[in-house]
Amino acid sequence: MRVPLGTLRILVLLAVFVATGLFFASQIDGYLNARLFNRISGSVAVIALIAVGQAFVVLTRNIDLSIGSVVGGTAYFTGGILIAYPGLPPMLVPFLAMAIGAVFGAANGFLVARFRLPSIIVTLATLAIFRSILVQSSDGSSITTDRLPPWLTEFATMNAFTVGDLQIRWIVVISVLVVLTAHIFLTRFRAGRTFFAIGSNPDAAAFAGIDAGRTIFLAFVISGALAGLAGFMFLSRFGNITVVAGLGLELKSVGAVVVGGVNIFGGSGNVLGVLIGAALIDLIDTSLVRWALVSAFWREAVLGLLILLAVAADTVLMRRLLRRKPTGGAP
Amino acid sequence: MTALRSWEGLLFAVLILIYAVNAWNSPVFLTVGNQINMFQLSVEKIIVALVMTFVIINGEIDLSIASVMGLAACAFGWMVQQGAPAGGAVAIALAIGFLCGAFNALFIVGFGIPSLVVTLATMIAFRGFARVLVEDRGISDFPDWFDALGQKGLIGPVPLAMVLFAVFAVLAYLILQRTAFGRKVYFIGANRAVAEFSGLEVRAVKARIFIASGVISALAGLLFAARVGAVRGDIANGFELDVITMVLLGGVSIFGGTGTMSGTILAILIVLALRNGMALENITGHIQTGVLGILLILSVMVPIIRETGTRLIARVR
């Protein structure tokens, strides 16, 4: 029996994830326990959301570097609105954050899709622009926990259910639901398949009557909305939001996407892999802090090299596969 | 060619406009002291913008420059702190820049992975190495001669970095517009496949450009360290935005093949005058960066703006 390439990739990723966990378990005393899971699952919930959004964008051969500023911006603005109107129904707030994020995403999507500008340049610029909008409107003041309604800061540590000592938080449940929804949408729905079509062969997609501009715009809106939801969780987890909130998260999202097996040149990938990629990156991040042999300052260097390794391995493997199969399509 | 010339003419007009507005707003702007200060505060970025012009005309991009600057500066600081002679540390920091460029080139030219992806990854990795070296400390005990290079005038009030920029600007202009190598840079950027079939050593040209980008960025990082008199892990963070904006505003196409060194130099002057004018108006750094972001988007839209403009003119006629 031949295992499909996508499934194989996820199995390899899972193996790497388990191996990484076991490696750190052999290095750090009292490593594998419920506290580790509880700690990591919360931050993975946030990173997985922005990584799934990033995956939509990357599938269409684009990239969204503005995510860190969108997360910071939505966390800040949502916090600001809640301070002004503390009586807002809690159910409404996540959707409010998603709407704010979607507006940021729509600005990116409009510039990229309407004017066909390179997304790397547009989002490099909006990374700075969104951040300066945040600084301008905040006047340098911060959001502090004591000014927020108490339900918000309690939400981050609220458990949906517990399995033994493992606490499954609501934010984790929401995040996993988002990943699963995205997975089903991308694999089972016609509208989802267009994201792959645009990325793997734009010309063929155009001939098939797919509106590339609309799909790319939508990808950026999804990325913005999910970054908005992540911003809500960020606000809930940390409470204190300064103007530098979310700085650098875009790199983690790109890392999770690439390590998770989404082809950085668009057209192929799986958001379940992205979830594992996000978990792997966060596992390494958290574990390096506790590993005595190596300083925690290695985490950025490791992240960069991990991305490079994943991309290089992907490129080399793809080229091999295509060579063996001369009738194959474009990578 | 006339279209290109007119773009530079437009840049020149914008530059004069910004100078006029700034001079109107602040009596300080046109003083020699402020003009030198204006250059000195950004001299590291503008030196890197010269080499970035080669990179983008060649159809590539280098997002790792700011991290190479940071890594070279931090490596220098770390070596001096460990007791190494500063002269030797400068040489090694430059060698690190060379290695960073060669590392990028290995993946871009050797493995054929797009520069955008490679330099995005090395942007994170090189910055990571810088942080490993200095962690969250600041290092500032540099020898006096090193600090003096960054802070004192070399020729009258003009410091070393500005002299270097002037020399590099002339060199960059000559190499890009007056040598066979420069023609190859354009040709490869305009159509890589044709260049390859014409027997041009595409890989060698690209590798040289990325290595040059690494070395110049390392030099710029050292100049930054000398001017500030200290290094930190986040030194030069985010400078790629300024540098890429300068080059694209100068009329270099993000898709490669077109643009001129004089365009970049005019754009450098525009960005400097704009930032300086905003600073004199007490506008904060974050907002300045936002304005630069808008300028960057407008710059990539230049071909579209130009096209719509000509279409409108044609319709009017």
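Helix 8 of chain A, residues 190–200, has Thr194(A), Phe195(A), Ile198(A), Gly199(A) and Ser200(A) as buried residues. These buried positions pack against four other helices of chain A, namely helix 2 (34–59), helix 7 (170–188), helix 9 (202–207) and helix 10 (212–238). The model in which this packing is seen is a predicted one, with an ipTM of 0.85 and a pTM of 0.90.

Chain A as a whole contains 13 helices and two strands. Its 331 residues would give a radius of gyration near 20 Å if they formed a compact globule, and the value for chain A, 20 Å, agrees with this expectation. The C-alpha trace of chain A extends over about 65 × 50 × 35 Å along its principal axes. Of the 331 residues in chain A, 49% are buried. Where contacts of chain A join residues at least 6 apart in sequence, 78% of them link residues at least 24 apart.

Another helix of chain A illustrates both geometry and burial. Helix 12 of chain A covers residues 271–290, and its 20 residues should span 28 Å at 1.5 Å a residue; the C-alpha atoms at its ends are 29 Å apart, which agrees. Since 14 of its 20 residues are buried, helix 12 of chain A is largely enclosed by the rest of the structure.

The strands of chain A present another setting. Strand 1 of chain A, residues 159–163, has five residues, and the number of them that are buried is zero, so this strand lies largely in the open. Strand 1 of chain A runs antiparallel to strand 2 of chain A (residues 166–169), and four bridges join them. Within this pairing, Phe161(A) stands opposite Ile168(A) of strand 2. The two strands form a hairpin with two residues between them, in which Gly164(A) adopts a positive phi near 60 degrees.

A positive phi also occurs in chain A at Arg61(A), a residue other than glycine, where the angle is near 70 degrees. Arg61(A) lies in the loop that connects helix 2 and helix 3 (67–84) of chain A. Its surroundings hold 19 C-beta neighbours inside 10 Å; burial requires 20 or more, so Arg61(A) counts as partly exposed.

The account now turns to the contact between the chains. On the side of chain A, 35 residues are in contact with 33 residues of chain B. Helix 4 (92–115), helix 5 (119–138), helix 11 (249–259) and helix 13 (299–324) of chain A each contribute at least two residues to the side of chain A that touches chain B. Helix 5 of chain A provides the largest share of that side, 13 residues. Classed by residue type, the side of chain A that touches chain B consists of 27 nonpolar, six polar and two charged residues.

Chain B contains 15 helices and four strands. For its 317 residues, a compact globule would have a radius of gyration near 20 Å, and chain B has 20 Å, which agrees. Its C-alpha trace spans about 70 × 55 × 30 Å along the principal axes of chain B. Of the 317 residues of chain B, 48% count as buried. Among contacts in chain B with a separation of 6 or more, 79% are between residues 24 or more positions apart. The mean pLDDT of chain B is 91, and 98% of its residues reach 70 or more.

Individual residues show how chain B is put together. Thr245(B) belongs to helix 12 of chain B, residues 239–249. It has 30 C-beta neighbours inside 10 Å and therefore counts as buried. Beyond its neighbours within four places in sequence, Thr245(B) is in contact with Val271(B), Leu292(B), Leu295(B), Leu296(B) and Ser299(B). Thr245(B) and Phe111(B) are 134 residues apart along the chain, and their C-alpha atoms are separated by 28 Å.

Thr260(B) is located in the loop between helix 12 and helix 13 (261–280) of chain B. With 21 C-beta neighbours inside 10 Å, Thr260(B) is likewise counted as buried. Thr260(B) is 75 residues from Val185(B) in sequence, while the C-alpha atoms of the two are 12 Å apart in space.

Glu135(B) occupies the loop between helix 6 (115–134) and strand 1 (138–139) of chain B. Although Glu135(B) is not a glycine, its phi is positive, at about 50 degrees. Because Glu135(B) has 13 C-beta neighbours inside 10 Å, it counts as partly exposed.

Definitions and conventions
Residues are numbered from 1 along each chain as its sequence is written. Chains are lettered from A and ligands numbered from 1 in the order in which they are written. This is a predicted model: local features need pLDDT of at least 70, side-chain atom pairs count only at pLDDT 80 or more; totals for chains, interfaces and linings use all residues. The radius of gyration is taken over C-alpha atoms; the globule rule is 2.2 Å times the number of residues to the power 0.38. A residue is buried if 20 or more other C-beta atoms lie within 10 Å of its own, exposed if 12 or fewer, and partly exposed in between; C-beta atoms are placed from the backbone. Two residues are in contact if their C-beta atoms, placed from the backbone, lie within 7 Å. pLDDT is the predictor's confidence in each residue, from 0 to 100. The expected span of a helix is 1.5 Å times one less than its number of residues. Ala, Val, Leu, Ile, Met, Phe, Trp, Tyr, Cys and Pro count as nonpolar, Asp, Glu, Lys and Arg as charged, and the others, Gly among them, as polar. Two strands pair if DSSP finds at least two bridges between them.
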